[in-house]
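Open the model in your viewer and keep the selection panel at hand. The tour goes to a ligand site, then to a pair of domains.

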Amino acid sequence: MSKDDIRSLPGVGPKTAEKLISAGYDSLIKIASASVEELMEAADIGEATARKIIEAAMERLGLLEFKTAEEVLEERQKTARITTMSKNLDSLLGGGIETAALTEFYGEYGSGKTQVGHQLAVDVQLPPEQGGLEGKAVYIDTEGTFRPERIKQMAEALDLDPKKALKNVYHMKVFNTDHQMLAARKAEELIRKGEPIKLIVVDSLTALFRAEYTGRGQLAERQHKLGRHVHDLLRIAELYNVAIYVTNQVMAKPDSFIPGLDSVQAVGGHVLAHASTYRVFLRKGKKGIRIARLVDSPHLPERETTFVITEEGIRDPE
Ligand SMILES: Nc1ncnc2c1ncn2[C@@H]1O[C@H](COP(=O)(O)OP(=O)(O)OP(=O)(O)O)[C@@H](O)[C@H]1O
Ligand SMILES: [Mg+2]
């Protein structure tokens, strides 16, 4: 019982335990991954106590033990990949979208970020031999651009039962950043209830943050909150071996005149740049071609490829 785990942590009296649990810190992993400040606020405790509780939770979960590189490699072999239905795009990413990682696609309007999100929500349902994980998807939609019709169309193109395919995608439209952060936690609840969620799409990750925190003076607050959201997503990714796919807008760099990669930058600054395991920049080429550039990855070189968006979905160019 995870609630009893919390009651038995050193430094946690019955009162503190109830406060923690009612603030949502109802498992060791949630406590272990909380910041000292968050816990202080949630349980109305001092800094030293909060530190002690977090450390105890980490200890119980074995998070304070070093692993050898050999063990890490073994763990990494458990990560799986979801195909994008474009061989080009898959190989750019080292075989598709990785589980236990956060993949960010950013780029201009109409470059294909949302289409890729829809395609992945269908592909995750495929059997492994076809590039899927026989899983379900959660789609957190901040822009109102989710289209079940498109899911149906893409599923039919892959000979999936469209009715089943639609049932396997959980969609939530969110209206502000608090709502968006709650949606991530609700996705975790679904997983804990036993739903085989293997993909979480957040489209767009940053738009509401940008809309809500407009002034220069609010930038630090925005980044802090975005950091917490991304941290939540990454924790879910790693804990349940789920792939996270997020979309992001670009903004013009103030000092650049040449169009292309060098003239724009992703929204979200360092917070997002550090959290994304894979970052892909999309732009529109000639004749409907989309150009994808891998700009950041822990073990793959920076490189480019092309794909197209068709009736059937994401595919390689002819
Ligand atoms: N059914 C379809 N068949 C073919 N192409 C389609 C279809 N639906 C959408 N597209 C293509 O996808 C493009 C839109 O891509 P998408 O919505 O993914 O862009 P985005 O990067 O999410 O843009 P934004 O920043 O505005 O959210 C359209 O311009 C069109 O070229
Ligand atoms: Mg979009």
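A polar contact is a pair of N or O atoms within 3.5 Å; within protein, one must be able to donate a hydrogen and the other to accept it, and residues adjacent in sequence count only if both atoms are side-chain atoms. This is a predicted model, in which local features need pLDDT of at least 70 and side-chain atom pairs count only at pLDDT 80 or more, while totals for chains, interfaces and linings use all residues. Residues are numbered from 1 along each chain as its sequence is written, chains are lettered from A and ligands numbered from 1 in the order in which they are written, and side-chain values use heavy atoms, with hydrogens and water left out.

**Ligand site**

Select ligand 1 and the 15 residues that surround it (a heavy atom within 4 Å). Gly110, Gly112, Lys113, Thr114 and Gln115 are the closest. Start at glycine 110, where a backbone N or O atom lies 2.8 Å from an oxygen atom of the ligand. Next, pick threonine 114: a polar atom of its side chain is 2.7 Å from a ligand oxygen. At glutamine 115, a polar backbone atom lies 2.8 Å from an oxygen of ligand 1. Of the 650 Å² of accessible area (Shrake-Rupley method, 1.4 Å probe) that ligand 1 has on its own, the protein covers 68%.

**Two domains**

Now colour domain 1 (6-61) and domain 2 (75-315), bounds that come from an automatic or database domain assignment. Their centres, taken over C-alpha atoms, are 32 Å apart. The contact (heavy atoms within 4.5 Å) involves 5 residues of domain 1 and 6 residues of domain 2.

How much area is buried between domain 1 and domain 2? About 490 Å² (accessible area, 1.4 Å probe, that two parts lose on being put together, summed over both), with 53% from carbon and sulfur atoms. Select Ile29, Lys30 and Ser33: in domain 1 they lose the most area to domain 2, together 69% of what that side buries.

Finish at glutamate 38 and arginine 228, whose side chains form a salt bridge (side-chain nitrogen of Lys or Arg within 4 Å of a carboxyl oxygen of Asp or Glu) at 3.3 Å, N to O.

Notes:
Contact = heavy atoms within 4.5 Å. Near = heavy atom within 4 Å. Areas by Shrake-Rupley, 256 points an atom, 1.4 Å probe, with all protein chains shown as cover.
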